[in-house]
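Q: I have a chain open and want to go through a few of its features. Can we start with the aromatic residues?

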Amino acid sequence: MKIDQADVGDVAGLAGLLWLDTVKEEPEGRSVEAFAAELAQWWAAHRESHLAFVARVGEPEIVGMAWVALLPRIPRPGATSRMSADIQTVFVLPEQRGQGIGSALVQAAAEHAIRLGAIRVTVHSGRRAVPVYERLGFESSRQLLQLPPD
């Protein structure tokens, strides 16, 4: 298994994984190719704030991904370049699950964000994945709150 930071050449593979991850949510009449074009355009506008990491078991197929969103924080005296990071959209092909690929992707994304200066890395997880994130060192926090939509 090889984990790399994704680049523009990986857009079609990323789009394919995103498509599989949300296939039940996609409106009919759309194609994965059309979505790949939209993703390429979106990512071109967000490349500084959203990084993707990909896993490959055999070149060149991408079997998993994890995104990290980098969020600048308000400067404070003595700390003018603060940043937080959020792990997003972790997905591994069903036939590749249970091999540590998702964990490796999350670790790579989180470590990269910390190297870039993130003071905190968060993740919003589904219930089933919470134990995985806890094994990776993520902890629940009473200070992180969310306002649910109506």
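Predicted model: local features only at pLDDT ≥ 70, side-chain atom pairs only at ≥ 80, totals over all residues.

Q: How many aromatic pairs does the count come to?
A: The count is four. One of them is Trp 19 with Phe 35, a tilted pair with 6.4 Å centre to centre and 45° between the planes.

Q: Where in the chain do Trp 19 and Phe 35 sit?
A: Trp 19 is in helix 1 and Phe 35 is in helix 2. They are 16 residues apart, and the pair links distant parts of the chain.

Q: Buried or exposed, those two, Trp 19 and Phe 35?
A: Trp 19 is buried, and Phe 35 is buried too.

Q: And what kind of pair do Tyr 133 and Phe 138 form?
A: Tyr 133 and Phe 138 are edge-to-face, with 80° between the planes and 5.6 Å centre to centre. Both residues are buried.

Q: Back to the helices. At what angle do helix 1 and helix 2 pack?
A: Helix 1 (residues 11-21) and helix 2 (residues 32-46) pack at about 115°, and their axes are 9 Å apart. The crossing is right-handed.

Q: Which residues of helix 1 and helix 2 make the contact?
A: On helix 1 they include Val 11, Leu 14, Leu 18 and Trp 19. On helix 2 they include Val 32, Phe 35, Leu 39 and Trp 43. By class, the contact has 12 nonpolar residues, one polar and no charged.

Q: Last topic, confidence. What is the mean pLDDT of the chain?
A: The mean is 93, and 97% of the residues reach 70 or more.

How values were computed:
Residues numbered from 1 in each chain as written. Heavy atoms only, no water. Axes fitted to C-alpha atoms, helices over the stretch in contact; angles between N-to-C directions. Helix = DSSP H or I, 4+ residues; strand = E, 2+ residues; numbered from the N terminus. Left-handed = near helix turned anticlockwise from the far one by under 90°. Contact = heavy atoms within 4.5 Å. Nonpolar A, V, L, I, M, F, W, Y, C, P; charged D, E, K, R; others polar. pLDDT = per-residue confidence, 0-100. Phe/Tyr/Trp six-rings, centres within 6.5 Å; stacked < 30°, edge-to-face > 60°. Buried < 20%, exposed > 50% of the residue type's maximum accessible area, 1.4 Å probe, protein only.
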